[in-house]
Amino acid sequence: MLLFFEQLLNGVQFGMMLFLMAAGLTLVVGIMNLINLAHGALYMVGAFLAVTFSLLTGSYLLAVGLAVACTALIGLAIEFLVLRPLYSRDHLDQVLCTFGLILFLNELTRFIWGATPLRLDIPAWLDYSVSLAGIDYPGYRLIVILASVAVAIGLYFLIGHTRIGMLIRAGASDRKMIIGLGVNIALLYSLIFALGAGLAALAGILAAPIFTVQVGMGDHILILTLVVIVIGGIGSVRGSFAAAIVVGVIDTLGRVMLPSGFGNVIIYLLMAVILFWRPRGLFPSHA
Amino acid sequence: MGYKKCLAAITLAALAGAAGAQEVKIGLVTTLTGPLGALGKHVRDGFELGVAEAGGKLGGLSTEVIVEDDQLRPDVALQAANKLIERNKVQVITGVIFSNVAMAIAKPAIDNEVFFISPNAGPSQLAGKQCSPYFFATAWQNDQPHQAMGEYLQEQGVKKVYLIAPNYTAGKDALRGFKRAYKGAIVGETYAAMNQLDFAAEISKIRAAKPDALYVFLSGGMGINFTKQYAQANLTNEIPMYSAFTIDSITLPAIGDAAVGTYQTNLWNADLPNKANRHFVESFQKKYGYLPSNFAAQSYDTARLLDSALREAGGASNKKAFAAALKKAHFESVRGSFSFNTNNFPIGNFYLLKVVKQADGTVRQVTEKTALVDAKDAYYAECRM
């Protein structure tokens, strides 16, 4: 029984990690109507930048802040230079172009940082274990849960209770109308993309001490992230939050309870079932 | 006089022509891009050092090495191999790290009577029924490091072991190799998804199963993730972690302190005290500015093996003589003892390594002891050559 709760916690924790990735992506895909496969590449860029900044500054928090800000700026540049002409094109063009971006960013990262995996250690002040009913649970993983919840609350507030959030929602519902009302939609899209890039970087940085900092690290997590946003309802942060927990828990419990091999397909089965039952996801956004 | 001079000139020209014909062309097909591209760099640098130490002339013959990137894709590797065989007319192909790539290349190489010398991949098929006089392995048969660890834990009297490996052929082969030698109780066996990121669930399961030891085969990024998460769960001291192909000098910098206290089996380590190895480690670091891994060592050994065989057979054009010269393995291996078994796979030692933190703060693998002396693979009896 205790093991079951421990596994449940593991699942929630993994889900929270996916949520950080999914939150940014669901905004970009849902509101900008842009299929951005390069989200995983930005996750990688964030992690690599954090490694470099933590070596340069010696401070974990400073490194996190700088890496998130730099990745957001890189996102801004990519949006301006590469993606802007793609908004009017169909999704296949977007998929091809952002897939190209993955290859480009992967090779650029290899060129700058080399092919050998790097590491970002848990800072000493976060490196502790929490004793939960006699089990040492890594404290850092609880911090990741807290960070994800903070991001969820922050996004909820930003989208639901600020002027810019109102514009974002309006842009998602009726793009032409909001242009007609004189809102600078191009600027709005740039900001959303930068926010998405920053969130991807934050996900990469928080994951870095647990996972590997290496070229291509974003490619594997991107697939799970896409599953999360599809289940959650594209464009819905609330949906992503719920779907991330569902995917995290089901994936974890599936790996533990089902025979080897079955556990790995269960989330895709789950996705198929949910799409059959609710084709637009658990929490379809208003668009 | 004029006539004699002329004759001498003709003779010299003929000699030079003969020497020119005795050049050697080698195709180095290795993995240089993708997440595991670092391995290919080690293989290429190790081989290059071996060639450089022979003055750029393996066996005293003018040597051309053509490097191809296989991208860890058998189809790309096959294309590269066909190009090397047909267009470049190479006599030797080497450099291959992964078994799926090796299996794709083996057929065209063997069919065209091109020597294929694998510095790492040692698939069981090529060690057993499909063995060939044109295929040599200079590292191991893939199961061997696992079997070596199984034998070591058996010998140590470890009673309960938990096993984890990725869910694909090599993962299953690995655990089969381990179980071939280990006869104690196996309290759990988990096959993780390829490229799995989070192992929290598996780690909780391992803790609950209370084994005396954990045996891990998770290569590349999976191994880094797992080892870090295992240490973060405070289990490294509670349930000792033994592994092969998981922690090496390439992944170690990415794992850091989390690997301290774990054990590995390998055929080589930088601190092996033999003379050839001391020389290799020193000159490798001097030339490339980083610590060599076993991949670099195996590739260096391959270059030195080729050097000895080409010298002895006077080139690779007489295939029978060249094969016989290769089989003699007249070179000093950085592994210590080295000879070829009947299936052209090595007979050599396996060492038990432990990761320690040194006084200067660096984390390194040190050789604890020799786990197996002159080990042979499990398939050579099936090989009829």
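Colleague: Which residues touch the most other members of the largest nonpolar core?
Modeller: In this predicted model, the largest nonpolar core has 210 residues, and those touching the most other members are Ala47(A), Ala50(A) and Ile105(B).

Colleague: And which element gives the most to this core?
Modeller: That is H1(A), which contributes 15 residues to the core. On the side of chain B, the core draws at least three residues from each of two domains, namely domain 1 (2-140 + 273-340) and domain 2 (144-266 + 350-381).

Colleague: Back to Ala47(A), what is it in contact with?
Modeller: Once its neighbours within four places in sequence are left aside, Ala47(A) is in contact with Leu120(A), Gly204(A), Ile205(A), Ala208(A), Val213(A) and Met217(A).

Colleague: Changing topic, how many residues does each chain put into the contact?
Modeller: Chain A provides 31 residues and chain B provides 32 residues.

Colleague: Which elements of chain A give two or more residues to the side that touches chain B?
Modeller: They are helix H1 (2-32), strand S2 (135-138), helix H9 (217-232) and helix H10 (237-257) of chain A, and the largest share, six residues, comes from H1(A). Sorted by class, this side of chain A has 13 nonpolar, 13 polar and five charged residues.

Colleague: Now helix H6 of chain A, which residues are buried there?
Modeller: In H6(A), which spans residues 163-173, the buried residues are Ile168(A), Gly171(A) and Ala172(A). They lie on the same side of H6(A) because they cover an arc of only 100 degrees around the axis.

Colleague: Why would residues three or four places apart point the same way?
Modeller: An α-helix has 3.6 residues a turn, so residues with that spacing point the same way.

Colleague: What do the buried residues of H6(A) pack against, and which exposed residues does the face turned away carry?
Modeller: The buried residues pack against H1, helix H5 (139-161), helix H7 (175-180) and helix H8 (185-207) of chain A, while the face turned away from the buried side carries the exposed residues Arg163(A) and Met166(A).

Colleague: How many helices and strands does chain B have?
Modeller: Chain B contains 13 helices and 13 strands, and 57% of its 385 residues count as buried. Among its contacts between residues at least 6 apart in sequence, 71% join residues at least 24 apart.

Technical notes:
Residues are numbered from 1 along each chain as its sequence is written. Chains are lettered from A and ligands numbered from 1 in the order in which they are written. This is a predicted model: local features need pLDDT of at least 70, side-chain atom pairs count only at pLDDT 80 or more; totals for chains, interfaces and linings use all residues. Two residues are in contact if their C-beta atoms, placed from the backbone, lie within 7 Å. Helices (H or I, at least four residues) and strands (E, at least two) are DSSP runs, numbered from the N terminus. Ala, Val, Leu, Ile, Met, Phe, Trp, Tyr, Cys and Pro count as nonpolar, Asp, Glu, Lys and Arg as charged, and the others, Gly among them, as polar. A residue is buried if 20 or more other C-beta atoms lie within 10 Å of its own, exposed if 12 or fewer, and partly exposed in between; C-beta atoms are placed from the backbone. The arc is that of the directions from the helix axis to the C-beta atoms. A nonpolar core is a set of buried Ala, Val, Leu, Ile, Met, Phe, Trp, Tyr and Cys residues joined through C-beta atoms within 7 Å. Domain bounds come from an automatic or database domain assignment.
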